[in-house]
Number of protein chains: 4
Amino acid sequence: MNTFGQIFRLTSFGESHGPAIGGVIDGMPAGVEVDLRFIQQQLNRRRPGQSALTTSRKEDDALEILSGVFEGKTTGTPIGFIVRNTDQRSADYEELRHIFRPSHADFTYQEKYGIRDFRGGGRASARETITRIVAGAFAMLVLRQHGINIQAYTSQVGNIAVDVPYTELDLTLTDAYPVRCPHPTRAAEMETLIRKVQAEGDTIGGTITCVVTGCPAGLGEPVFGKLHANLAAAMLSINACHGFDYGAGFEGIAQRGSQQNDTHYTDNRSGGILGGISTGKDIYFRALFKPVATLLREQTITDEEGRTTTFTARGRHDPCVLPRAVPIVEAMTAIVLLDALLLARTNKL
Amino acid sequence: MNTFGQIFRLTSFGESHGPAIGGVIDGMPAGVEVDLRFIQQQLNRRRPGQSALTTSRKEDDALEILSGVFEGKTTGTPIGFIVRNTDQRSADYEELRHIFRPSHADFTYQEKYGIRDFRGGGRASARETITRIVAGAFAMLVLRQHGINIQAYTSQVGNIAVDVPYTELDLTLTDAYPVRCPHPTRAAEMETLIRKVQAEGDTIGGTITCVVTGCPAGLGEPVFGKLHANLAAAMLSINACHGFDYGAGFEGIAQRGSQQNDTHYTDNRSGGILGGISTGKDIYFRALFKPVATLLREQTITDEEGRTTTFTARGRHDPCVLPRAVPIVEAMTAIVLLDALLLARTNKL
Amino acid sequence: MNTFGQIFRLTSFGESHGPAIGGVIDGMPAGVEVDLRFIQQQLNRRRPGQSALTTSRKEDDALEILSGVFEGKTTGTPIGFIVRNTDQRSADYEELRHIFRPSHADFTYQEKYGIRDFRGGGRASARETITRIVAGAFAMLVLRQHGINIQAYTSQVGNIAVDVPYTELDLTLTDAYPVRCPHPTRAAEMETLIRKVQAEGDTIGGTITCVVTGCPAGLGEPVFGKLHANLAAAMLSINACHGFDYGAGFEGIAQRGSQQNDTHYTDNRSGGILGGISTGKDIYFRALFKPVATLLREQTITDEEGRTTTFTARGRHDPCVLPRAVPIVEAMTAIVLLDALLLARTNKL
Amino acid sequence: MNTFGQIFRLTSFGESHGPAIGGVIDGMPAGVEVDLRFIQQQLNRRRPGQSALTTSRKEDDALEILSGVFEGKTTGTPIGFIVRNTDQRSADYEELRHIFRPSHADFTYQEKYGIRDFRGGGRASARETITRIVAGAFAMLVLRQHGINIQAYTSQVGNIAVDVPYTELDLTLTDAYPVRCPHPTRAAEMETLIRKVQAEGDTIGGTITCVVTGCPAGLGEPVFGKLHANLAAAMLSINACHGFDYGAGFEGIAQRGSQQNDTHYTDNRSGGILGGISTGKDIYFRALFKPVATLLREQTITDEEGRTTTFTARGRHDPCVLPRAVPIVEAMTAIVLLDALLLARTNKL
């Protein structure tokens, strides 16, 4: 299943070291001006090699749109697009032919399909998220026209957490810091921690918080297509994402109902969603990212029979995925919201 | 969207105070012996009025199967079923016609549809989960034959958490305690806490942990139908569920990659899923439930214009949904797993 | 797959001799007044025993709506409904346990599922079409508000064909004749033919023509959801329907492009659809129904090994399905059109 | 909706005069050897310029596979592919900016989307069918392994019909004749007719018959996913296809049930499908193609206000689509059958 969405749908394809990554965006409303610079900008925010905190792999990620846009506007027909894979060092990966890297998808792909493209993680590579950035950027072109704005930021790295709510942050600062955290002190601490972890050849995870403003009430389907369930599925489709909560979330677990209820009109502990449907207030949620499994140091491994060996990853890898995951979280959010926005047009007589 | 699943699909219908709740189970494999006692037993585990900890509403929840079963076996055709709503005190709810209860879906349904069945929460009532119990029980009939077993338990209520991993618990004890926690000491503490909260007319949330044993490797679609993304969507479709994590999850946020990687064959910090596909080891995850919004005490409410009023819920309600949510978590897990199991039959030549 | 439609969806269940036939209508717009008399009227048009031309089985087909309607209006939530099976003479069918009736689905169900409910055709019974009538009637409640009108009629029985285009007929007369043909002379001839065939214990097929007026331009998806492709799939989902054409169709096979092109604005040889999208003119198409396979006379049968035996159907059966299929054709058309109408709301910015 | 299929799915994109036509094949079983020569061969059978009977446009239709194939085998991941549009003479089409060609989709796209790519028909161009050929060829790679074979041929052009059943034809001869009719005499007559029509700047339609041998019993879903309904939807998704029938079809309309019933084991008047499920016998059906709307001569047109003008198509066009549609019919049939074959794996315990 490589399609996401019901009305506004992304179908994705591509392996890390195949000729290209790409996708088809179906259900894009017609008549939208296509701001190519904006879309490429979003791709650049995801791209490796942006700062010392990210892998030094150089990927141009030049987008080629193959259909669905005519004289600068969307036509309502599907938007096919590709991004060529250029900086492929397949030789780096030849040794993976016979190895299942710890906590990677190598073993599960092999079990599921009986065959796998082992180069650079193949289909399981985070490079696939390029397609979400593109589809998300197209979605944002529509959402902007409806006054809906999406902003995500790194809210925790390891045990360094932004300890104020998003309402006390200036989210326009997010991209000013390499870790994409708009809290200057925490951003500096996170950066220091990531450099330390990197120096140890290790990795670290954390959370991204995402905030949607301007979303009208009434989006989301009440039972199986709850807005937060779709957001969760969207987040957990991103590589290394292992958790999701919204509103008060896990942090409010010790609170009583009398503390979590939104009794005053200005309250929004429910995260902008009630019964699976948007309330018209800000939507906010968190996505948990585990530390990436690729370590740039030797790991001792034991197999089913208890035999011990060692494995050392090669290639160029991020010590912390969070900074680059911020635009992916925003993109997936945009896809979910546009889908819900279009579907909501069919609710009433 | 009231349908869940791709191959094995539940379509659900029904309001709390309409004539019946029901559904259609499509894609059920043919030739499965239908153990009606087992299915009714699962319904009884969800039913209110089981213990002093749950609402005293009496609901018989008598299942009527209308199709798809012939001479005691499934036929491969859709299984239609209903459960009549009998103990309806609609008069309890008449006052809700003009009120949006705090942190309920009343407002959002009204915004979305311009009309709502306000009696007992209407479609947003947890009574709808009856349909998941039924579909889940049918799924379990198949999963059992494949040696797949699902066990959930209350792992945290408020700040009382089971502080040992599931591997150190005897999960067969879960139903022996009213809170459905198999850890005797914690179970007692949770029960005490819930009674205290109940006495205050308040409510409390917590987490349910779910464990799947015997699941073969290879289930789950790698990109948009990741097994954990489907599990998350399933959990977050349950009323009051606000969060999900699996494997090390939020609790492992401060750990490094070197601590979370499964380097030894017996390790399973990844929760039985890698790259969205089951590994063959135990799958385990948590669902977060917030305190239910219906309080049996007066709440002071302010509206958009800052006007103050009060609201006191009537009816019979649970101070803590977790005990009754345990079988629902198991049922939704079964639905996701059977769907993945059937889909995996199409993976290879 | 027992669900039809993308936005407006019918999920159907039920066997001929189970407790009930029913379904779930999902995606019904909220706020529509539910004209129960109209819906029951449509059911009555399908019901057996209406005239001497149809089976004498007495089926009440009393509709019970279980959800999705509140205070006389649709609420946007799914509409669950059932029609009890009352006049079941299961004993009539016991002999079918070990017999595959010629040209029936007995054999194929057995092959597919390894088990079948053999009573009255089980799931393959035309009684399942009750669910389409109900969903179609709900769809019509919306379509009427948009000025869209659907009228079908029997246009051919055996070799007796209405030899004038629909534009020369008074379609309000359709139900005035037992065969549901608005052409008085042809109606009489058809009736005579059906009686003759019936007297011989034989059956006969023909065509139903369906005309949609008032349909706006722009409905239908251009590539895989072409309006005519969806109509064809809808028609061919009806029991005994073996063919479909629209516009000039099979009858225009000898014509040149210069004869079929709509060069004058008033032309409509293309049947109201171009490139899969409605033009705003009348949509018209034909559905071919083969003679039903159940003959009320002895048939000589040979099996795989060439062994000869005989088979005589019992029960009460129609010699010609066309009159009762007219409302089913209309209902399926309504389902397709409402789905397309709702989807078209998402086409533009 | 640019996706077709439930398990084996083709998502298509591309306009006639955009950079490329392409698609994504999802659900392709893993481990299938990819015979690139065979796939390109199928593309060549569809390609224009094959004979004097088809347009002289030169299109290379060189397939580029971008993902899902590794070391010569399918991996189970989605197969992205493109075919570049090379021989684009956009200037030929500039005049279409303000014209709605008679019986083309120009008007309906404009109405639906408020914008259209008018060059060469844009998305409505038959060039889109390239994607079906590719997906169909992949499907055939699997079907061949199951002994399922698909052969289509031109069975009627204008009033020249092959007047013997397919069982009396040598279907291996089909490609030996430019019209793709395996009946030598009829093939010659058809060819003569097409040349005559072409000389007049006119066009002609007809039927293609398709035969599937080796299909096992049990494929197809009994109610809404009937095998013949899916085949019909597949055929009617092909440009210019206006009708479908199977088994005895429209030609058997005057027959009685006693004539159409398959009472002897060797009978197959039902076209290999009963109750929507394959019987294990040959499946055969017809697709009706109307004369293409593009005439290479002047047409007099009147508009809504009765104003008269003329229109003369330019460019290079086929006088009869049937010969080139034969491989498209086969490809769409293969897509439907593989989808049904995979889905049938989930039917039983």
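This is a predicted model: local features need pLDDT of at least 70, side-chain atom pairs count only at pLDDT 80 or more; totals for chains, interfaces and linings use all residues.
Q: In which order do the five strands of the open sheet in chain B stand?
A: Residues are numbered from 1 along each chain as its sequence is written, and chains are lettered from A and ligands numbered from 1 in the order in which they are written. Strands (E, at least two residues) and helices (H or I, at least four) are DSSP runs numbered from the N terminus, and two strands pair if DSSP finds at least two bridges between them. The pairing in this sheet is antiparallel, and the order in chain B is β1-β2-β3-β7-β4.

Q: Which residue of β2(B) is the bridge partner of T3(B)?
A: β1(B) pairs with β2 (residues 9-14) of chain B in the antiparallel sense, over two bridges. Within β2(B), the bridge partner of T3(B) is T11(B).

Q: Which residue takes a positive phi in the hairpin of β15(B) and β16(B)?
A: In chain B, β15 (residues 298-302) and β16 (residues 308-312) pair in the antiparallel sense over five bridges. Here I301(B) stands opposite T309(B) of β16(B). Five residues lie between the strands, and the one with a positive phi, near 85°, is G306(B).

Q: Why does the pair of Y109(C) and Y113(C) count as tilted, and how far apart are the ring centres?
A: A search of the whole structure finds 30 aromatic pairs over all chains. Rings of Phe, Tyr and Trp (its six-membered ring) pair if their centres lie within 6.5 Å; planes under 30 degrees apart count as stacked, over 60 as edge-to-face and the rest as tilted. The planes of Y109(C) and Y113(C) are at 55°, so the pair is tilted, and the ring centres are apart by 5.9 Å.

Q: In which helix do Y109(C) and Y113(C) lie?
A: Both residues are buried, a term for under 20% relative accessible area, with exposed over 50% and partly exposed in between (1.4 Å probe, protein chains only). They are four residues apart, about one turn of the helix, and the helix of chain C that holds both (residues 106-113) is α2.

Q: What angle lies between the ring planes of F100(D) and F107(D)?
A: F100(D) counts as partly exposed because its relative accessibility is 39%, and F107(D) counts as partly exposed at 27%. Their aromatic pair is edge-to-face, at 5.4 Å centre to centre, and the angle between the planes is 75°.

Q: At what distance from the ring centre of Y265(C) does K281(C) lie?
A: A charge sits over a ring if NZ of Lys or CZ of Arg is within 6 Å of the ring centre and within 35 degrees of the ring normal. In chain A, K112(A) lies over the face of Y113(A), at 5.8 Å from the ring centre. K281(C) lies over the face of Y265(C), and its distance from the ring centre is 4.6 Å.

Notes. Side-chain values use heavy atoms; hydrogens and water are left out.
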